[in-house]
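Reader: Hi! Could you walk me through this fold?
Author: Happy to, here it is.

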Amino acid sequence: MFLACFDIGGTSIKYGIVSVEGEILYDASTPTEAHLGGETIIQKVVSISKELKRKWDINGISISTAGQIDNVNGIVVHATDTIPNYTGLNIVEIVQIQTELPVKVENDVNCTAIGEHWKGSAQGVEDFLCLTIGTGIGGALFLNGKLYTGQSFSAGEVGHITLYPKGQACTCGSAGCYEQYASSQALEKLVSTEFGETLQLIDFFQLLKSGDMKALACYDQWLDDLTTGLKTMIHFLNPRLIVLGGGISAQGDFLLNSIKDSVYPKIMPNHARNLEIKMAMNGNKANLLGAAKIFLME
Ligand SMILES: [Zn+2]
């Protein structure tokens, strides 16, 4: 049995063929062109699915996507302006009718968490929090071995925890949200303000590791904001494990160790006991795996 799996993000649509064992047998990607709107993006998914169907004996389609997703009915319940006209779209209905295959859809951060629980850093752990740190900060929560989605499919929006009341304006319409200070985009902004030019994060981390004082000051400020938010989450949820994914996880042990050094002194002793913090293992493949798993869980 093979599944066609998709991961719809703001910049690219990753897709591939995943086996029931969780092996990715083929993968590729195409630009999302998010500005063209939700309907156009889903039509891309339909035409790629039809193409894949000609080459592979596919039993179903499973989609990981940005936005808050009603995973029961397959509807986008809320999406920001990054993808115009996405809110309200019934993805499952559209793709199912045109491909004549069963379809599942789930929020992308939830897919990261499911993918990491199935084949990554959260294997065997029943209570954990998964954060994706990229353009924004997303969160997903596993409780008693199950994804917790909330009463209207929107739990885990940790990126919008208030860090600085009256702080910087946020895409959610509020101000001072966590992701405005602790996302990788926030770090990039901080760095470009400080250095007076845009620096790729890979070059920034190079500078940082060479001991550049200006880089170190930016990093310390960003890290302090990042772990202040983590402190809130840890005290609230008392998780066994936190898995960190998203673009920033490419920084590996260097980043992980500085997060640990910064967060542990901020939390109460009983919360720190047995708490593990790990980087996600599957990189940008976690969402395809998570999408496959939600299809198989039915
Ligand atoms: Zn916000």
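Predicted model: local features only at pLDDT ≥ 70, side-chain atom pairs only at ≥ 80, totals over all residues.

Reader: Great. How many helices and strands are in the protein chain?
Author: The protein chain has 10 helices and 12 strands. Helices (H or I, at least four residues) and strands (E, at least two) are DSSP runs, numbered from the N terminus.

Reader: And what is the radius of gyration of the chain?
Author: The radius of gyration is 19 Å, close to the 19 Å that the globule rule gives for 298 residues, so the chain is as compact as a globular protein of that length. That radius is taken over C-alpha atoms, and the rule is 2.2 Å times the number of residues to the power 0.38.

Reader: On to the sheets. What is the order of the strands in the one with β1?
Author: The order is β3-β2-β1-β4-β7, an open sheet of five strands with mixed pairing. Two strands pair if DSSP finds at least two bridges between them. β3 (24-31) and β7 (103-107) are at the edges with a single partner strand each, so one side of each has no neighbour in the sheet.

Reader: In which sense do β1 and β2 pair?
Author: β1 (residues 2-8) and β2 (residues 12-19) pair in the antiparallel sense over seven bridges. Asp7 stands opposite Lys14 in β2.

Reader: Nice. Which strands does α1 touch there?
Author: Helix α1 (residues 38-55) packs on the sheet and touches β1, β2, β3 and β4 (58-65). Contact means heavy atoms within 4.5 Å. The direction of α1 makes about 155° with that of β1; axes are lines fitted to C-alpha atoms, for helices over the stretch in contact, and angles run from 0 to 180 degrees between N-to-C directions.

Reader: What about the sheet with β8, what is its strand order?
Author: That one is also open and mixed, with five strands in the order β10-β9-β8-β11-β12. Its edge strands are β10 (146-148) and β12 (276-279), each pairing on one side only. The twist averages 25° from one strand to the next. Helix α3 packs on this sheet, touching β8 (128-133), β9, β10 and β11 (241-245).

Reader: Where does α7 lie?
Author: α7 lies across β8, β9 and β11, running at about 160° to β8.

Reader: Now helix pairs. At what angle do α6 and α7 pack?
Author: α6 (residues 201-209) and α7 (residues 213-237) pack at about 110°, with axes 8 Å apart. That makes α6 roughly perpendicular to α7 (angles under 35 degrees count as roughly parallel, over 145 as roughly antiparallel, 65 to 115 as roughly perpendicular and the rest as oblique).

Reader: Which residues make that contact?
Author: Phe204, Phe205, Leu207 and Leu208 of α6 meet Ala215, Leu216, Cys218 and Tyr219 of α7. They divide into eight nonpolar, no polar and no charged. Here Ala, Val, Leu, Ile, Met, Phe, Trp, Tyr, Cys and Pro count as nonpolar, Asp, Glu, Lys and Arg as charged, and the others, Gly among them, as polar.

Reader: Last one: how do the axes of α5 and α6 cross?
Author: The axes of α5 (residues 184-195) and α6 come within 11 Å and cross at roughly 65°.

Key. Residues numbered from 1 in each chain as written. Heavy atoms only, no water.
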